[in-house]
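Please have a look at the sequence and the model first.

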Amino acid sequence: MIRFEQVTKVYPDGTAAVRDLSFEVAEGELVTLVGPSGCGKTTTMMMVNRLIEPTSGRVLVEGRDVAGVDPVALRRRIGYVIQQVGLFPHRTVLDNTATVPALIGWKRVKARARAAELLELVGLDPKIYGPRYPAQLSGGQRQRVGVARALAADPPVLLMDEPFGAVDPVARERLQNEFLRLQATMRKTVLLVTHDIEEAVRMGDRIAVYGEGRVEQYDTPAAVLGAPATAYVARFVGADRGLKRLSVTAVEPADLEEPPVARTDEPARDAAARMRGQGARWAVVLGTGGELHGWVSADALAEAGERGSVGDLARRMEAWVPLGSPLKQAFSEMLQHDAGWVAVLDGPRFLGVLTPAKLHEALRRSVDADAQGIGRSEVDFDSVSDA
Ligand SMILES: Nc1ncnc2c1ncn2[C@@H]1O[C@H](COP(=O)(O)OP(=O)(O)OP(=O)(O)O)[C@@H](O)[C@H]1O
Ligand SMILES: [Mg+2]
């Protein structure tokens, strides 16, 4: 959808902003460009909509070299959220949002109706905020308007230059999540610039990690965190990359252990027999509706002479996550409940438990899978070396 072919940009004063850039953004993918200030992120972005022309190399959008596309026609297909938002101060929020549709010749009524729809979409009531001026908004609200404006003409491609840069971390995370929800339905092809590795990891299907004017690594967040391509990338993603990686690796069925399962209404004797049969010291306990109730230990059953029902002897514990959750969420449930495992559910169905040892295995396996470029569940854990 967007393709950089050996793109180099040298500014007239001799500054080489980017050198020999080559990567491709697939349709519907969100790619984050991350790197320190001055590494060439904005320059990269502006070569896509021809605000800047490359010195050499080609940029293709929807299969066509942009050098041969009329810039106005090109920009109709590319929404742009610029660094520092850049709303027109003397235009209302509604008119700001309607800028592009108006520019490309939509009737005023239609352009404004579309603008109102977009404001609604980014969580701003058009009746309240539409008539306001940018100065009468909070930083986060201004950034929402910037996003709404970029989406107004429904372009297939979106360029976002630090779209959530000017707000505090809490508002920022909310804006990020809102945008991800939007993106899940819109499936735009997005280039998003940030200098924040956390944001890059959270938002990106893929990440391009920039060093000075060049891409050091272009890969999935899990791969960038798990197998940094260069010492520079390793430094950039930080010493806590293992922790960050927890948030981009999902719990899979292969990660689960299957301890014995008992029901609250089951006789203690039956549960104890089953646990002995499996050589297990404890069992997961489900309620009569199959919901997670807690756990029961073999010792507790023995102390009670295996009399009564499992429910009488079980301990409550509701540490659980849905299948597919990030490992980080599973880990955080364990810590919060001071538990040695967390139950994994598929809808209401109990699938198994994740233990700290399995969590570690899952992390190791995902690093290895990324290194080989295949799905994590296809890797045989026994083949993973301890290196
Ligand atoms: N018009 C220009 N003329 C000369 N040099 C420029 C020009 N625009 C940018 N540069 C230089 O090109 C390099 C890359 O700039 P660019 O704006 O792409 O960086 P960036 O990664 O977006 O940085 P930031 O995170 O600070 O926004 C910098 O060294 C910058 O000083
Ligand atoms: Mg920039």
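This is a predicted model: local features need pLDDT of at least 70, side-chain atom pairs count only at pLDDT 80 or more; totals for chains, interfaces and linings use all residues.

In helix α8, the residues Ala171, Arg172, Leu175, Gln176, Phe179, Leu182 and Gln183 are buried, where buried means under 20% relative accessible area, exposed over 50% and partly exposed in between, with a 1.4 Å probe and protein chains only. Seen down the axis of α8, these buried residues fall within an arc of 135 degrees, so they line one face of the helix; the arc is that of the directions from the helix axis to the C-beta atoms. On the other side of α8, Val170, Arg181, Ala184 and Thr185 are exposed.

Residues are numbered from 1 along each chain as its sequence is written, chains are lettered from A and ligands numbered from 1 in the order in which they are written, and side-chain values use heavy atoms, with hydrogens and water left out.

What covers the buried residues of α8? The covering elements include β3 (30–34), α5 (108–121), α7 (139–151), β7 (157–161), β8 (189–194) and α9 (197–203), contact meaning heavy atoms within 4.5 Å. Just after α8, Arg187 takes a positive phi of about 50 degrees.

Turning to the rings, the count comes to five aromatic pairs, where rings of Phe, Tyr and Trp (its six-membered ring) pair if their centres lie within 6.5 Å, and planes under 30 degrees apart count as stacked, over 60 as edge-to-face and the rest as tilted. For Phe4 and Phe23 the ring centres are 4.8 Å apart and the planes stand at 35 degrees, so this pair is tilted. Because Phe4 lies in strand β1 (residues 2–10) and Phe23 in strand β2 (residues 16–25), the pair ties together parts that are 19 residues apart in sequence. Phe4 is buried, at a relative accessible area of 2%, and Phe23 also counts as buried, at 5%.

Phe23 forms a tilted pair with Tyr218 as well, 4.8 Å centre to centre and with 40 degrees between the planes, and this pair links strand β2 to Tyr218 in strand β10 (residues 215–219), 195 residues apart. Tyr218 is partly exposed, with a relative accessible area of 22%, and Phe4, Phe23 and Tyr218 form one aromatic cluster.

How values were computed:
Helices (H or I, at least four residues) and strands (E, at least two) are DSSP runs, numbered from the N terminus.
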